[in-house]
Structure formats: structure tokens, C-alpha cells
Amino acid sequence: MKDKTFLMIPGPTPVPQSVMLEIAKHPIGHRSPEFSQVLKEVYSDLKYVFQTENDVFIYTSSGTGAMCAALENLINEGDKVLCLVIGNFGNRWAKIAESCGAVVEKIEVDPGEVITPQMLKKRLDEDINGEIKLVTLTHSETSTGAANDIKTLCGIINNHGALSVVDGVTSVCAMPCKPDEWGINVLVSGSQKGFMVPPGLAFLTADEKAWKVYEECKHPSFYFDWGAYRKSVRANSTPYTPAVNLICGLNSALKMIKDEGIDNMNARHKRHALALRAALRAINLKLFVENDENASYSITSILPPEGISVPDIRKILKEDYDIEVANGQNQLKDKIFRMGTLGYVCDRDLISSVGSLEAALSRLGHKFEKGAGVRTLINQLNKG
Ligand SMILES: Cc1ncc(COP(=O)(O)O)c(C=O)c1O
């Protein structure tokens with residue numbers, strides 16, 4: 001009997017039943033008054049979640065679509081773009097910028113590490129002629145489990161004058177991310193992460209400074225064109241046929257987020273991530289990002305114990321406990337495994353996951369005090 005999968009990967013994430021039931025309804029016309037009302041609510045609630053007064057666009061795509069929508073509407077051939085790379089998703093910004101004809105420079109650190117304010121400030125201070133037009137950043141780097149201090153980094157970028165373009169795909173909802181307050185010029189995210197909706201929608205918000213740069217973009221994207229989307233948002237509409245059912249599901253998920261409160265939702269992710277980290281340490285596991293200060297609250301990367309393979313751990317969790325955890329990506333494949341605590345996750349999910357992980361590791365011969373993980377987890381969760 002297997003119909004209780006717990007998706008402990010960093011997306012897609014578990015979806016609440018009420019959201020699934022909304023999505024299962026018969027589609028409604030995308031130009032109908034009923035759908036226009038849904039869009040009105042969704043556009044307003046997205047501003048609440050993104051903590052911005054600016055419009056938030058909904059694209060029918062995965063998160064990468066919104067990343068393309070950001071750069072393709074800002075970059076002209078030959079523009080200089082500085083990409084802050086702490087993992088695969090930071091590198092994705094660089095690849096997209098190159099595809100737009102930008103001259104790309106990277107500041108890159110080893111996987112698991114983050115960009116320090118000093119590194120960024122030093123490079124931007126050297127740019128005395130203001131040649132760097134745009135800086136791309138990743139908030140929560142899903143491939144490693146590290147998280148950049150976006151608030152500080154965007155402050156430095158603002159002082160220089162370049163645009164900050166931030167990937168909030170696994171941070172929005174999970175970690176404080178305040179574009180208006182912190183001066184993030186462009187922020188993108190995706191539905192299948194903290195939003196508790198299946199894959200298929202992506203979001204983008206841009207401030208006035210970014211709009212000025214858009215106005216100078218000679219060949220903006222056609223499908224993702226900001227101008228077309230802004231016009232539609234303001235008419236409670238969409239430029240093209242959207243994923244109607246997913247947007248109805250999003251409407252219901254956003255109501256849940258508002259009921260919980262965005263600050264409480266952020267706090268829940270922090271509480272879960274820190275409790276999980278403590279539990280993993282208690283069963284003699286090493287964390288890939290050792291310093292809690294640099295860790296993402298949506299994804300935790302773990303090194304397998306000496307002599308035990310990542311595929312074996314994942315196999316037992318999947319086959320015997322119906323829990324999916326993620327492998328490492330690219331050069332980190334089989335070197336780490338990643339446990340997501342993103343979106344629709346409750347204490348019970350964590351208690352059963354840590355218990356199941358203890359059971360799997362014990363069968364694989366790992367030496368640790370049985371029960372120490374679950375005990376530590378519960379103690380941490382009870383502290384609040
Ligand atoms: C940090 C980050 N950025 C971008 C993406 C790309 O999103 P998608 O796979 O939805 O295109 C992901 C996906 O996992 C991600 O975690």
C-alpha cells in the first residue's frame with residue numbers, strides 16, 4: 001500500500017488537499033468574469049506574499065521561465081552582467097544572460113559557501129565607470145542548501161547603481177524576502193515550491209528602477225514581455241491563455257498563506273530547518289553547509305556517513321517509507337542528499353522523516369545513538 005508519498009525534495013512540494021480539489025474542478029473560461037475575479041484576488045494576494053507594492057506577474061512556465069523573463073526584458077547585446085554564483089542555479093543566471101548577448105563576469109565560490117559582502121563590495125568598488133549594469137543573485141541555492149544574505153548584498157548593489165535581479169524560487173514564502181524594503185529590483189519565484197501549488201506557474205515582480213531599464217531594452221521577450229503583463233495585471237486579466245486551473249489552486253493556496261501569515265510561515269520554515277539540522281547532527285551526520293547562519297530554511301544538504309551510499313539511503317526511504325529525498329546535482333550527485341522542508345510541511349512530517357532516516361541508516365550500519373535524532377528534533381520543535 002503506497003499512496004502517502006511525502007515529497008521531501010526541494011520541489012515539487014506537497015500540495016494541500018483543498019488546493020488539489022480546486023485544481024480538479026472543471027476549467028473556466030480565461031476571459032470570463034469569474035476568472036477575472038479569481039485573478040483580482042490572486043494579484044492582490046501575491047503582492048502580500050511578495051511584500052511589495054509593485055505588480056506581480058504570473059507566467060505559465062516553471063521558475064526558469066521567470067528567470068528568462070527577467071533577463072530577456074533587461075539586457076541589450078554587450079551589456080555587462082555580474083553573476084554571483086554559489087551553485088547550479090546561480091550558474092543558470094549566467095547562462096541565460098549569455099544567451100541574451102551579455103558580457104558575463106562571475107564571482108564564484110565553492111559549493112556550500114556564500115558570497116560575502118566584502119567580495120561583492122570589492123568588485124563593485126573597482127567598477128569606477130559603472131559598467132556593470134546588472135547583478136544576478138540566488139537567495140536560497142537549492143543545489144547546495146546555502147543561502148545568501150540578500151538584504152546586505154542588494155544594499156551594496158543599490159549603492160553602486162546596478163540592478164539586482166534575485167532568484168527567490170526556493171526562498172519566497174520560506175525565508176524573509178522583502179523586495180521593497182531591501183531594494184531588490186527584480187525578484188522571481190515558482191509555484192511548486194513554497195507556494196504549495198503543483199509546477200507550472202512562475203512569478204516576477206520588478207520595481208520602478210528596473211522598469212526604466214526595461215524601457216531601454218531593444219528586443220524584449222515576446223511571450224514574457226513585461227509591458228504586456230503589466231497591462232493585463234491592471235485589467236485583472238492575462239495576455240494569453242493561462243493555466244486556469246493552477247491559478248484557481250493558487251488562489252486557494254494564497255488564502256492559506258494569508259491565514260497563516262507570511263511572517264509566521266517564514267518562522268515555521270526556520271523552526272523546521274533548524275530543528276532538522278540539530279536532529280541530523282545528533283545522529284552523527286555532517287551537514288554540507290555547516291554554519292546555520294549560511295543555511296537555507298527550505299533545503300538541507302547532508303553528507304552520507306563514511307561507507308554508506310546516497311542511492312542506498314534514498315532507496316530505503318523511498319521503497320520502505322514512501323519518503324522522497326533528493327540526490328545532489330551534477331558534481332554533487334551521490335556526494336550529498338537533500339531534505340526539503342519547503343511549503344506544506346508540518347511537525348509530523350519531520351518527526352516521521354527523521355524517524356525513517358534513523359531506521360534506514362541503522363539498517364545500513366551507521367553508528368549512532370538510536371532515537372537521538374527524533375528526541376533532539378522533538379526537543380527543538382517543542383522549544384518553538
Ligand atoms: C533556486 C532555484 N532557482 C531556479 C530553479 C528553476 O526552477 P524550475 O525548475 O521551476 O524551472 C529552481 C528549481 O529547483 C531552484 O531551486
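The buried residues of helix α10 are V244, L246, I247, C248, G249, L250, A253, L254 and I257. A residue counts as buried if 20 or more other C-beta atoms lie within 10 Å of its own, as exposed if 12 or fewer do, and as partly exposed in between; C-beta atoms are placed from the backbone. The model is predicted: local features need pLDDT of at least 70, side-chain atom pairs count only at pLDDT 80 or more, and totals for chains, interfaces and linings use all residues. Residues are numbered from 1 along each chain as its sequence is written.

Helices (H or I, at least four residues) and strands (E, at least two) are DSSP runs, numbered from the N terminus. The buried residues of α10 pack against α1 (17-24), α2 (33-50), β2, β10 (201-206) and α11 (262-282). Contact between two residues requires their C-beta atoms, placed from the backbone, to lie within 7 Å. Helix α10 covers residues 244-260, and its 17 residues should span 24 Å at 1.5 Å a residue. The expected span is 1.5 Å times one less than the number of residues. The end C-alpha atoms of α10 are 25 Å apart, which agrees. G261 follows α10 and has a positive phi, near 95°.

The domain assignment of the protein chain gives domain 1 (6-12 + 261-383) and domain 2 (17-259). Such bounds come from an automatic or database domain assignment. The centres of the two domains, taken over C-alpha atoms, are separated by 28 Å. At the interface, 24 residues of domain 1 are in contact with 29 residues of domain 2. On the side of domain 1 that touches domain 2, α11 and β12 (299-303) each supply at least two residues. The largest share, four residues, comes from α11. That side divides into 12 nonpolar residues, 11 polar and one charged. Here Ala, Val, Leu, Ile, Met, Phe, Trp, Tyr, Cys and Pro count as nonpolar, Asp, Glu, Lys and Arg as charged, and the others, Gly among them, as polar.

Seven strands form an open sheet with mixed pairing, in the order β2-β10-β9-β8-β5-β3-β4. Two strands pair if DSSP finds at least two bridges between them. The edge strands, β2 (56-60) and β4 (103-108), each pair on one side only. From one strand to the next, the twist averages 20°. Strands β3 (residues 80-85) and β5 (residues 132-138) run parallel and share four bridges. Within this sheet, L82 has V135 of β5 as its bridge partner.

A further open sheet has five strands in the order β1-β13-β14-β12-β11, again with mixed pairing. Strands β13 (residues 323-327) and β14 (residues 337-340) are antiparallel and joined by two bridges. A326 stands opposite R338 in β14. Helix α11 lies across β11, β12 and β14, at about 10° to β12. Helix α13 (residues 347-363) also packs on the sheet; it touches β1, β13 and β14, and its direction makes about 80° with that of β1. Axes are lines fitted to C-alpha atoms, for helices over the stretch in contact, and angles run from 0 to 180 degrees between N-to-C directions.

I156 is found in helix α6 (residues 150-160). I156 is buried, with 20 other C-beta atoms within 10 Å. Not counting residues up to four places away in sequence, I156 touches P117, L120, K121 and L124. I156 and L124 are 32 residues apart along the chain, and their C-alpha atoms are separated by 8.3 Å.
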